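This briefing sets out selected features of the structure shown below, grouped by topic.

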Amino acid sequence: MRTALVIGTGLIGTSAALALAGRGVRVHLSDRDASRVRTAAALGAGTEDAPDGPVDLALVAVPPGRVAATVADAQRRGLARACLDVASVKGGPRRELAELGGDPVSYLGSHPMAGRERSGPMAATADLFEGRPWVLTPTAATDTEVLNLALELVAVCRAVPVVMDADAHDRAVALVSHTPQLLSSLVAARLTDADETAVRLCGQGIRDVTRIAASDPGMWTEILSANPGPVAEVLSAVADDLAETVRALRALDSADEEKRRDGATGITDLLRRGNAGRERVPGKHGAAPAAYESVTVLIGDQPGELARIFADAGRAGINIEDVRIEHATGQQAGLIQLMVEPAAAPDLTAALRERGWSIRQ
Ligand SMILES: NC(=O)C1=CN([C@@H]2O[C@H](COP(=O)(O)OP(=O)(O)OC[C@H]3O[C@@H](n4cnc5c(N)ncnc54)[C@H](O)[C@@H]3O)[C@@H](O)[C@H]2O)C=CC1
Ligand SMILES: O=C(O)C(=O)Cc1ccc(O)cc1
């Protein structure tokens, strides 16, 4: 691929543009908001100039409800040999494109399973898709050359291609992405009117559960509007579980000992099902879930502390697989959890102790 046109220079479009530009592809940028094109260009994602002929690949990174019209327009204007979109929903845009009389041969629906809770070009990074699944939904009509260009883009972004049927994709993301977004928002919404004394107690658990509740409501309304049926189905199963959980909790509150025992069994069953589901979540880079061991260290909230602890781990020859930080409310300190291979945990503990770090059990 030598030339590309990115339409929609927000988080996803600019991230892909940065990866392509970094590999020497000439990337043209366009967005209905000119300031976003300027920002993306200033970040090194490509040029604001319009292409002087058809590019190899047009990447359409606009909200799901605008994908079909944007692809149809790009095809009508002959802007590119192939057109790929990245919307979080795949069935609707394909059907809408057919209704608009778009060309199914040069179009391929795709969805990188990577993102952030922030929108816009300023949140973009060239490595956003690294190691993440990137779903491609070719049909019998899709041209092989178009599929090859999509695979080249996925390779440039160092993502992992996954081929799926569009409707199966939409049911899968209802379960693993769209319902979790709503549940995160529902838990976070409980905090809006909560007493400040309660909010002050927030720990790492609620931070983990509500991270994606900070996402852009406009974008998510678009995503959910494009996949309402499958999401409602998953959420309705969650609602049944919730009703069961409330029943178990009420039983735990009862004076009758047998009812209390039943209630406890109900809650334990749910927590066990949660353990089993959590074990199925793939680990880093889509690998089987990894059982890392964590080494917890007290860390001061001052410049250079993170760099110092990472450098000390590096000097000890230990690879940090993952990292979490828990900030202590109202204190200039926090706890950092360094996740490492189990065999490396004792060495890391010893090396950090030797360099004066305070290890917590
Ligand atoms: N945010 C995320 O984590 C992920 C989002 N996606 C999908 O990627 C697409 C883009 O999402 P983000 O980059 O997050 O949103 P964003 O809000 O950061 O960027 C969208 C851009 O599209 C532009 N735009 C809107 N309508 C347009 C039109 N008709 N013509 C040209 N430009 C137009 C907007 O001005 C904006 O700059 C969406 O379809 C979304 O479903 C896919 C994976 C992850
Ligand atoms: O932030 C996260 O963990 C995400 O999973 C982001 C995300 C949001 C929307 C998508 O369509 C795909 C990925």
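**Ligand shell, sheet and helix packing**

Helix α1 provides the largest share of the shell around ligand 1, namely 3 residues. The model is predicted, so local features require pLDDT of at least 70 and side-chain atom pairs count only at pLDDT 80 or more, whereas totals for chains, interfaces and linings use all residues. Residues are numbered from 1 along each chain as its sequence is written, while chains are lettered from A and ligands numbered from 1 in the order in which they are written. Helices (H or I, at least four residues) and strands (E, at least two) are DSSP runs, numbered from the N terminus.

**Shell around ligand 1**

- Ligand 1 is surrounded by 28 residues, a residue being near a molecule if its C-beta atom, placed from the backbone, lies within 6 Å of it.
- The closest are Gly8, Gly10, Ala87, Ser88 and Gly115.
- At least two residues each are supplied by α1 (11-22), β5 (107-112) and α9 (217-225).
- By class, the shell has 12 nonpolar, 10 polar and 6 charged residues (Ala, Val, Leu, Ile, Met, Phe, Trp, Tyr, Cys and Pro count as nonpolar, Asp, Glu, Lys and Arg as charged, and the others, Gly among them, as polar).

**Sheet**

- Seven strands form an open sheet with mixed pairing, in the order β2-β1-β3-β4-β5-β6-β7; two strands pair if DSSP finds at least two bridges between them.
- At the edges lie β2 (26-30) and β7 (160-163), each of which pairs on one side only.
- On average, neighbouring strands of this sheet are turned by 25° against each other, direction ignored.
- Strands β3 (residues 55-60) and β4 (residues 80-85) are paired in the parallel sense over 5 bridges, and Leu57 has Ala82 in β4 as its bridge partner.

**Helix packing**

- Helix α6 (residues 166-189) and α10 have axes that come within 8 Å and cross at roughly 60° (axes are lines fitted to C-alpha atoms, for helices over the stretch in contact, and angles run from 0 to 180 degrees between N-to-C directions).
- These two helices, α6 and α10, are therefore oblique to each other (angles under 35 degrees count as roughly parallel, over 145 as roughly antiparallel, 65 to 115 as roughly perpendicular and the rest as oblique).
- The contact of α6 with α10 comprises 8 nonpolar, 2 polar and 2 charged residues.
- The axes of α10 (residues 228-252) and α11 (residues 257-279) come within 7 Å and cross at roughly 145°.
- In the contact of α10 with α11 there are 7 nonpolar, 3 polar and 5 charged residues.
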